[in-house]
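Colleague: I have just opened this model and would like to learn how to read it. Could you walk me through a few features?

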Amino acid sequence: MANYIVGDIQGCLDELQLLLKQVNFHPISDTLWLAGDLVARGPKSLETLRFIRDLGSAAKTVLGNHDLHLLAVSLGIHPAKNKDKTLAIFAAPDADELLDWVRQWPLLLEHPEFVLTHAGISPQWNLQTARKAAHEVETVLRSQRWSWLLTNMYSNTPDLWNDDLQGIERYRYIINAFTRMRFCFFDGRLDMACKLPPAQVSSHELMPWFALPQRIELEKMVIFGHWAALEGYFSPNVIGLDTGCVWGGPLTMLRWEDKQVFKQPALESKS
């Protein structure tokens, strides 16, 4: 029995299936943890959703920014982008079922030894605050107010956490931290503009969220996806698994029990 954790799939279902075959994944005894962004730029977003759904309790996934955007598009809040390759989902006979299932996904998943989220955990949060923040947004997303939440989530502000934040500003910060965060300014403010690898950032004002000196250390390993430009990141307390399969990089999977890393090269560039 093993726990396998995989980075952003983004519709690259063929690579995922080859990776699962490589590790002899068995849904009866093993668990697959997914770092969000199951859909978007790859060719098989619809098929990916169906495949993961059909794994039932053997698969656990968090919401990514592309998954939230998928829900927003379903409501007509934003038009579908051709480059996202998600139109087949909306035309599918099981579209309503799939979208309602996506809406139930959490922002934060926990294992006794690690936590999984799409982009990371705000450097201003301890684990208790992260749990509470995730639950707040998940509750709204699963309620009748979900369309209001998705309509108003598109903004880069507020960029600094405060326990006194309320309403949409509070929810927006939580969503951005869990699904969009990469760099922070030295004072802890989130920067939403830069997507480069850290080595290519000339600004002395930015640091990866996980490298901020004042970041609150959590009692569990933090595992995330989202940041393909990192090409994977491994440290004693933080692991990044997005290696940009949809951009021609490999799809990367970690077996938690022995920390072995498995990679499946992209079958072709899909961008």
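**Reading a pocket and a sheet**

Modeller: Let's begin with the largest pocket, which 32 residues line, with Arg41, Asn65, His66, Lys195 and His226 nearest its centre. The model is predicted, so local features need pLDDT of at least 70 and side-chain atom pairs 80 or more, while totals for chains, interfaces and linings use all residues. Numbering starts from 1 along each chain as its sequence is written, and side-chain values use heavy atoms, without hydrogens or water.

Colleague: How is a pocket found, and what volume does the largest pocket have?

Modeller: Rolling a probe the size of a water molecule over the atoms shows where empty space is left. A pocket is an open set of points on a 1 Å grid over the protein atoms alone where a 1.4 Å probe fits, with protein on both sides within 12 Å along at least five of seven lines; lining residues have an atom within 4 Å of a point. Here the volume, the space filled by probe spheres set on the points, is about 780 Å³.

Colleague: Which helix gives the largest share of the lining?

Modeller: That is α3, with four residues. Helices are DSSP runs of H or I, at least four residues, and strands are runs of E, at least two, numbered from the N terminus.

Colleague: Which way do the side chains of strand β2 point?

Modeller: In a regular strand the side chains alternate between the two faces of the sheet. In β2, Thr31 and Trp33 point one way and Leu32 and Leu34 the other, and all are buried (under 20% relative accessible area with a 1.4 Å probe, protein chains only).

Conventions
Buried < 20%, exposed > 50% of the residue type's maximum accessible area, 1.4 Å probe, protein only.
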